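Subject: Structure for you to look at

Dear colleague,

I am handing over the structure below, and I would be glad if you could read my notes beside it.

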Amino acid sequence: MIGQSPWRRIAGFRGHTLAAEAELVMLLGVLGIRLNLIVQLLLAIREGLEHATRPWLFLLLLAVMIVESVVVTTCAVRVRRFAGLGLGGADVAIIAVLVGAERWYSAPDDRVGTWVAWGFGAGAVAAVTAGVALPRWWHTIAGCLLIAGVYLAVSISGGQTSTAVNNAVGLVSFAVVSRLVASYLRRLADLADRARAEAVLAARRSELDKHRLLLHDQATVLRLLSEPVTDPRLLALLRRQAAAASHEIRFFLGTDRHDPPIEDGPVDLRDLITAVANEFRDLPITLNTRLVSGIEVPDGLATAVMRALRTVLLNVRVHAGADEVTVHGDVEADTDGWEITVVDDGVGFVPDRTPLGYGLSHQAGDHLLRWGVTTEIDSAPGDGTPITLRGPAKPSRAGERHDG
Amino acid sequence: MSPGTRRVAVVDDDTVVREGLRVLLSSVEVVGAYGRHQQLLHAAPEVDVVLLDLNLDGLGTGGVRQGGSAVADVAAAGYRVLIYTNEHRLTVLAGCLSAGASGIVHKTEPLERLSESVHAVHRGEFVITPALVGLAELAQRQGALPSLSPRQCQVLRGRARGESYRRISRRLDISEKVAHEYMSVVTARFAQFLRDHSAADLERHLGIGPGDLLDFGG
């Protein structure tokens, strides 16, 4: 199941690069941490009002912290990344002031291990900011030392020196680990984007080479067609060659078709169909076979299906006079069986009145039946010919015995 | 000009295409032909549909805005864009729909098909190639087009197999007109899906490869 997530819609995000995706992931993490802080602050209000030395100041600074978090994250969402010296520096500085203000609304004993003084929670958030948002390592170190220092200064007077020091060290650790993870993600995304750009460049060069090769082959046909040809037989031949060249160029231009290796052992149905279609580049074939990508059949059955497909496409080439041929692959959701359909828009025929050639009756019919593969032909004059091969998820062993 | 005739502008770097379409198309009048889409935007002709080639600079070495960039520029100017191209790569074509095109016709197709597509695009319909219909089916199977009705899915399934509307309507016991209408809904939803998703999403989820004409640089 795919779809654009609500979050992406809200953020207006269209990830053209992995770097942008990486920034989105980090922004999402920061939003989660901020949201968690806000919930914890709201839960702390009751206890805070009971124990704070100046309840009104406790409430005011708590409100400032929440508003600041909302503003900072909104700014980050608008630019779709949580980064920058301005945004990160302001965030760290404001939170440092809020942490330092603990001394004016909380008793010394409450400043470590309680949410009456919420400086550690806010400091942890600022440490993540220092690690993710600030552009340089020394910015991160300076930011986290500022936060840890202010926290230590206001908390150490409460008689829990060891705990306060541990918490301060924790704040520095949060920042360093955040920095390492953020740097790693950004570097990874940068490498992936560069690799993709290089792949596009290489594909472009390869395409240019293939263009040259293809045009070289067709130049002769074009030159002959440009000559004043009087012999009708030669003209007819040249026109046929030009039509075939046109289909070949069309086939070439549709290249997300590779030349798949067909080796011993189970064969991917999509590769199999592509391999056969590659033998009929003179036909105007459209391959809609992505649904059978990854569906494998035993090599004996693969050989039988390849023969049958060749036979079907040979009939299209010789008899159909088609402008469009579609080869389609599908998987039955209920049975996991597969289905290959070849549809042409050619002249068609009446199946009941037209004797099937050896190819269609023997190759595409009887031989496949031994593997449990059925063949269906549903042609009508003037309405093209659909031919469908249906195979089970588990092929019959009879075909294997016969081929073996 | 007869009442049913549609006015189009042609943007193509090929002189033969620009001049040839003036005399070859029926029920379509070419009122302007331009080598670059910027020339079209500068002239701002009043037309029903713009026929736009994707490759406006040969091998793409001259820094001319083309491909998805040109589609986005022309669509942003308020024109209905019908891509007329030899380009077959799915990512590139999907990217053009994503950038605002209303349809795609290959230059290898008969001219009647081009005329029909101009009229369809003018009616507000989307026109897509058989390979893109296959991609729409893949998207539907992946759950990306959840609002399609079972009948619309059946028509999509038939079209992805290359079946004619006549054959589909006979099999489903509906009129050809209704089959067309169902498919029209499918293509519109698919085009909207493409507009809501980036090329990276398509690569990741639908398994189609990158296309360099999608680059919006230049």
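Predicted model: local features only at pLDDT ≥ 70, side-chain atom pairs only at ≥ 80, totals over all residues.

Residues are numbered from 1 along each chain as its sequence is written, and chains are lettered from A and ligands numbered from 1 in the order in which they are written.

In chain A, five strands form an open sheet in the order β2-β4-β5-β7-β6, with mixed pairing; strands are DSSP runs of E with at least two residues, helices are runs of H or I with at least four, both numbered from the N terminus, and two strands pair if DSSP finds at least two bridges between them. Because β2 (285–288) and β6 of chain A each have a single partner strand, they stand at the edges, and one side of each is left without a neighbour in the sheet.

Strand β7 (residues 385–391) of chain A has five buried residues out of seven, so it is largely enclosed by the rest of the structure; buried here means that 20 or more other C-beta atoms, placed from the backbone, lie within 10 Å of the residue's own. On one hand, β7(A) is joined by seven bridges to β5 (residues 338–344) of chain A, running antiparallel, with Thr341(A) opposite Thr388(A). On the other, four bridges join β7(A) to β6 (residues 374–377) of chain A, also antiparallel, and there Thr375(A) has Leu389(A) as its bridge partner. By contrast, β2(A) and β4 (residues 325–331) of chain A run parallel, joined by four bridges, and Leu287(A) stands opposite Val327(A).

In chain B, helix α4 (residues 90–98) and helix α9 (residues 176–196) pack at an angle of about 90°, with their axes 7 Å apart; axes are lines fitted to C-alpha atoms, for helices over the stretch in contact, and angles run from 0 to 180 degrees between N-to-C directions. That makes α4(B) roughly perpendicular to α9(B), a term covering 65 to 115 degrees.

With best wishes

Terms used: Parallel < 35°, antiparallel > 145°, perpendicular 65-115°, else oblique. Buried ≥ 20, exposed ≤ 12 C-beta atoms within 10 Å, placed from the backbone.
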